[in-house]
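Good morning, and thank you for coming.

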Protein chains: 2
Amino acid sequence: MKGTATRGKVKRDERLDRLFRALGDRTRRSMLRRLARAPATVGELAEPFDMTLPAASKHLRVLERAGLVNRRIDGRVHRCSLDSRQLGEVRRWLDHYQRFWDETLASLARHVADDAGDDS
Amino acid sequence: MKGTATRGKVKRDERLDRLFRALGDRTRRSMLRRLARAPATVGELAEPFDMTLPAASKHLRVLERAGLVNRRIDGRVHRCSLDSRQLGEVRRWLDHYQRFWDETLASLARHVADDAGDDS
DNA sequence: GTAATATAAAACCACTTGGTATAATATTAC
DNA sequence: GTAATATTATACCAAGTGGTTTTATATTAC
């Protein structure tokens with residue numbers, strides 16, 4: 001039946017929900033940018049931002065839950081590093097629909113041609 | 001001064017915030033998928049979902065504000081079509097950091113090698 | 001041991017989000 | 001004109017988010 005057939009899809013939807021939402025905050029994107037240079041501790045990641053440590057820590061947890069960041073507890077510091085694999089998931093999502101979008105863009109161009117030619 | 005220097009960046013951050021957040025909902029991604037096949041009216045877009053029309057309409061507005069969907073009011077129907085240009089923005093964001101991420105992935109692999117070899 | 005450090009946890013608050021139901025607006029059909 | 005249709009607008013609600021302060025927990029330094 002349909003319920004079992006769509007279970008994997010739902011799983012992927014949840015993953016993409018978490019991923020895109022995690023990326024939908026500039027503080028978190030900035031943290032990823034920082035981690036792209038090198039691993040860092042929670043404190044180091046929080047330092048550039050005008051917010052309390054708990055706030056930054058929560059952002060980090062969102063990134064972690066999305067699978068974008070790994071954490072290795074090393075004594076009393078938590079060393080965080082970027083995990084780019086989930087970014088691949090985002091890329092695959094884009095790639096999969098790019099095909100259709102390109103076609104749509106072409107047909108849209110034709111559609112617009114015989115209509116009001118605004119800033120499309 | 002720094003304020004003026006970062007203004008363009010802030011603008012882009014806002015655009016990316018809206019984009020990623022718009023994509024962070026499976027209903028909206030599903031609508032984009034639908035629009036990738038062909039333009040559709042609000043009613044047609046809302047039909048497959050188990051929610052009221054106003055709810056679907058609001059999702060559509062989020063997509064519109066993110067620049068992912070264009071709307072052409074045609075009598076009493078609003079014909080919506082996908083605008084893939086902003087997807088290019090997402091792709092550029094990914095591409096820009098992929099470079100660093102690839103490097104990070106390599107150095108991470110080395111890092112993990114002389115440590116506990118878990119599922120990285 | 002005590003004190004300092006790095007971090008998370010808990011409780012709270014304002015704002016946003018995703019949904020609802022209902023009302024309003026504009027267009028088409030009769 | 002009136003009625004039906006397609007859609008938005010408004011008011012509302014529950015849950016989620018992004019922030020705070022305060023408290024707790026481990027670890028390191030002395």
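This is a predicted model: local features need pLDDT of at least 70, side-chain atom pairs count only at pLDDT 80 or more; totals for chains, interfaces and linings use all residues.

Residues are numbered from 1 along each chain as its sequence is written, and chains are lettered from A and ligands numbered from 1 in the order in which they are written.

Let us start with chain A. Chain A has six helices and three strands; helices (H or I, at least four residues) and strands (E, at least two) are DSSP runs, numbered from the N terminus. Along the sequence their order is α-α-α-β-α-α-β-β-α. Of the 120 residues in chain A, 24% are buried. A residue counts as buried if 20 or more other C-beta atoms, placed from the backbone, lie within 10 Å of its own, as exposed if 12 or fewer do, and as partly exposed in between.

How many residues does each chain give to the contact? Chain A gives 26 residues and chain B gives 26 residues, where two residues are in contact if their C-beta atoms, placed from the backbone, lie within 7 Å. On the side of chain A that touches chain B, helix H6 gives the most, with ten residues. By class, that side of chain A has 13 nonpolar, four polar and nine charged residues. Here Ala, Val, Leu, Ile, Met, Phe, Trp, Tyr, Cys and Pro count as nonpolar, Asp, Glu, Lys and Arg as charged, and the others, Gly among them, as polar.

Now consider helix H3 of chain B, residues 26-37. This helix has twelve residues and spans 17 Å from its first C-alpha to its last, close to the 16 Å expected, the expected span being 1.5 Å times one less than the number of residues. Which residues of H3(B) are buried? They are B:Arg28, B:Met31, B:Leu32 and B:Leu35. These four lie on the same side of H3(B) because they cover an arc of only 100° around the axis, the arc being that of the directions from the helix axis to the C-beta atoms. In general, an α-helix has 3.6 residues a turn, so residues three or four places apart point the same way.

Three of those residues return when we turn to B:Leu63. Leaving out residues up to four places away in sequence, B:Leu63 touches B:Ala22, B:Arg28, B:Met31, B:Leu32, B:Leu68 and B:Val69. In the largest nonpolar core, which has 40 residues, A:Leu63 and B:Leu63 touch the most other members. A nonpolar core is a set of buried Ala, Val, Leu, Ile, Met, Phe, Trp, Tyr and Cys residues joined through C-beta atoms within 7 Å.

B:Leu82 is buried because 27 other C-beta atoms lie within 10 Å.

Lastly, the DNA. Around DNA strand D there are 21 residues, of which A:Ala55, A:Gly75, B:Thr41, B:Gly43 and B:Ser57 come nearest; a residue is near a strand if its C-beta atom, placed from the backbone, lies within 6 Å of it. H5(A) gives the most to this surface, with five residues. Around DNA strand C there are 21 residues, and A:Thr41, A:Gly43, A:Ser57, B:Ala55 and B:Gly75 come nearest. There, H5(B) gives the most, with five residues.
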